[in-house]
Amino acid sequence: MTEETSIFEKSSKGRRATAQAPLDAQPFDAPDRFLRKKAPLLPEVTELQTVRHFTRLSQKNFSIDTNFYPLGSCTMKYNPRACNTLAMLPGFLGRHPLAPASSGQGYMETMFELQEILKSVTGMEGVSLTPMAGAQGEFAGVAMIRAYHLARGEEHRNEILVPDAAHGTNPATAIMCGCKVVELPTDAEGDVDIDALKKALGPNTAGIMLTNPSTLGVFERHIAEIEKLVHDAGGLLYYDGANLNAILGKVRPGDMGFDVIHMNLHKTFSTPHGGGGPGSGAVGVGKRLLPFMPVPVVGKTDSGFDWLTEKELPQSIGRLSGFMGNAGVLLRAYVYARLLGREGMQRVSEFATLNANYLMARLKEEGFEIAFPTRRASHEFIVTLKSEAKEYGTTATDFAKGLLDHECHSPTVYFPLLVPECLLIEPTETESYEALERFIQAMVDLRRLAETDPDRMHGAPYSTPVRRLDELKAAKSLDLTWHSEATA
Amino acid sequence: MPFIPHTADDIAKMLETIGVDSIDALFDEIPQELMIDGLPDVPAQASEMAVTRLMHERAARDSHDVNFIGAGAYEHHIPAVVWELTTRGEFYSAYTPYQAEASQGTLQVIYEYQTMMAALTGMEVSNASLYDGATALAESALMAVRLNRKSKSKRLLVPSTVSPRYRDTCRSLAGSQELKFELVRFADDSGVVSMDSFKAYDGEDITAVVIQQPNFFGRMEEVHEITNWAHANGALVIAVVNPTSLAVLCPPGEWGDKGADIVCGEGQPLGVPLSSGGPYYGFMTCSKKNVRQMPGRIVGRTVDLDGRSGYTLTLQAREQHIRRSRATSNICTNQGLVVTASTMYMTLLGAEGLARVAGACQSQTGKLVNALSAIDGVRPRFSGPQFHEAVLELDRPVGPVLEQLARRHIIGGFALDGDYPELGNALLVCATETRTDEDIDSYASALRDILAEAKVA
């Protein structure tokens, strides 16, 4: 594929996509000191040039619509097209966020029902849809835990316990909420080290953040004991919903004793990842945290649906966005939930788990080392390539890049941090037997290549629009915007 | 089974390979007493046809109203190309471009976006976007605290002409890190903050000053003077700007003698539908020397093994997946897809087209203000240059009037009595280029009728 020059290089002075701007606009009028002296550097191109440029750029992406995408912990499942089409109906797109509730009842009823569905799925007492991504859902969760302790006069409770395998957002969130992070080790089989937990708990414990199944791809078997220990110590339990896909309709965070959960609707409810967002991080809460939910929340009244704000929830942790979160993403999640229904939701976790365990069994059969071989895979599992690294000098990165030449997106690499040379593999429920077999064959072929020609592995990929990029140069001689002199 | 490809044969083969006799057996590590039987309260599965009908009915209930609210979200014409191409599967269903070789499309789009935002704001570098304008301001406040090492106070001066929702969001997101946001009142006659209000803080330890231009009332703040005052007092300047306005208004990089330090705002006006408030995106730009304190993803251009130009995420050591508890923010995602749409929008409009949009917005709002002010009992609250919106004062409470307008399918503006009780019966109205002269006439005649009826009664 040829290099696509930047849109700025395609620009010609005086060229316009004339149909796009108002035809009879008055020039802007204000005193001189407020005005711009020189027009900003934006492209001057036609509509066709624009269409061609961005269409060609799109073709340089791997995506679920074009490739198997087993990126662990990201749940890259098929994004049904109906979700997009129906979320983009003009009635939904045209509604101003501050328009009165009376003129948005169709939208608000949909949001109310989504709150109810998510309550049922998680076993929680209340749901707020406003957080705009997983990390913001985490923020909301920890902020509610903090608010709960403050309301009880226990300001000193500011320690958040986080297992060492957790996503980086967990400790970063705790800090943003003004808490301290206490890291917990994991035992050899992937469960939280209970003795370490007992030692870490104390009068300053605010709560614990757990992902279950964990980022190691296994279900935390001691969850009941952890729940008791943390609650007895006066702390609360936070459920990171990154891996909710693994247990949908089988077991609920509320029943496990969690006080708060965030859901990644862009994972479990299949809203698009969009090249890195927008996501949606709805939060569910148990009884203790109901008064602290972020606003606004949709409430049901005698005359219809209305917003609940600080007036109705005076102890709320407040507003997390300019309006009410990623509404369009929420509409997509709702359509997905209705298309699946209660039966389909259970099938999600069943087939995600079947695919993961099959892939794990087959890769083991083919001689790959599984990080936690005695455990059942959840919807994902970890392969460690440490022996390939030792014997052939080929790293997890080499395999990740090599997979791209086999038209598979790479699994997550080097996460979790505690397993060396690891691939975190999540096939999802929407992939077929044949797709899994192609991936296995690619892994086998790559290992053969590692054995026979490791240098070729170090140079992969060969078939993508560009080959391995010089990241050191990118960080050292920063080139973050296009300049005419920067053109080679 | 919707979206699940497995045949009965596939299932049998796979279970045999795993060595279990049922799918249920794969859940045997979960304590059995926690397992549930099903989700009885979730609606049953519905066909695509049935859900399509349901959603069409609901969307139709919401689609009859002509909108005159801005207040941070603006209805602009979006060229057909924008969402047609943005929802191509290759953009729509891709993930964060961690594998750069397989994500050059998304990465180049973001690089071009960064270039356009830097150009619009008059700054050197941009990140790949944050969640929305309000959270971008909260992140800017936190960044200002990290940057201004000489200031120990974590005090930020925030004029009350900054969007009330942005101020609320800042308190929720940054309050727990001990940032103090101190409100600076606007002058009653002008709707902007007078320099005297800032001068009351002469010589104090202030970490940063926030300036919204145009401000929440659509009025122009004296950005050059405020910027110079802030810098003279050791404070950084955080600019909150409307990107459409930057086609015509002085970019924050040129405010005062040295320019603003951090620029942020709501990206929605650039090709993103109103859509009940999201997904939108927040933009953030700054100078190159401060980029290491900027939160969020950043794309850089580099070369590959063969020396070809290519793009990659860079400066990742600032981010949570590397730095964990010491990251600049907990943010993980950007609003990639929405930014893709905006990049196309800016490409199609160009500087000249965007200036035309700005001009049309100003003149339509001007016409609206004139038409409504001609009605007995309505007058403009402030005079002078405005952009996008204006404050009107009514001779009676605004709420009931808006309700009656809504019954006539007119969303007549945003009532200010909740956020600004000191302004009395004040109404914030907006007309973008999408409101025709006929729209404005029908609003004016409806309002005339409503106010006259009330008088008779």
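Predicted model: local features only at pLDDT ≥ 70, side-chain atom pairs only at ≥ 80, totals over all residues.
Q: Which residues of H4(A) meet which residues of H2(B)?

A: On the H4(A) side they are A:Gln105, A:Gly106, A:Tyr107, A:Glu109 and A:Thr110, and their partners in H2(B) are B:Arg58, B:Ala59 and B:Arg61. By kind, this contact holds two nonpolar, three polar and three charged residues.

Q: How do I describe the way two helices pack?

A: Packed helices are described by the angle between their axes and the distance between those axes. Here, helix H4 (residues 105–122) of chain A and helix H2 (residues 48–61) of chain B have axes that come within 6 Å and cross at roughly 130°. H4(A) is therefore oblique to H2(B).

Q: And what should I look for in a nonpolar core?

A: In soluble globular proteins, nonpolar side chains tend to be buried together. In this model the largest nonpolar core has 312 residues, and A:Tyr238, A:Val260, B:Ala141 and B:Ile238 touch the most other members. Helix H9 (residues 327–365) of chain A gives the largest share of this core, 21 residues.

Q: Which residues is B:Ala141 in contact with, leaving aside its neighbours within four places in sequence?

A: They are B:Leu156, B:Cys170, B:Ala174, B:Leu179, B:Ala208 and B:Ile238.

Q: What does chain B look like overall?

A: Chain B has 13 helices and 15 strands, and its C-alpha trace spans about 80 × 60 × 50 Å along its principal axes. Of its 457 residues, 61% are buried.

How values were computed. Residues numbered from 1 in each chain as written. Chains lettered and ligands numbered in written order. Axes fitted to C-alpha atoms, helices over the stretch in contact; angles between N-to-C directions. Helix = DSSP H or I, 4+ residues; strand = E, 2+ residues; numbered from the N terminus. Parallel < 35°, antiparallel > 145°, perpendicular 65-115°, else oblique. Contact = placed C-beta atoms within 7 Å. Nonpolar A, V, L, I, M, F, W, Y, C, P; charged D, E, K, R; others polar. Buried ≥ 20, exposed ≤ 12 C-beta atoms within 10 Å, placed from the backbone. Core = buried A, V, L, I, M, F, W, Y, C linked by C-beta atoms within 7 Å.
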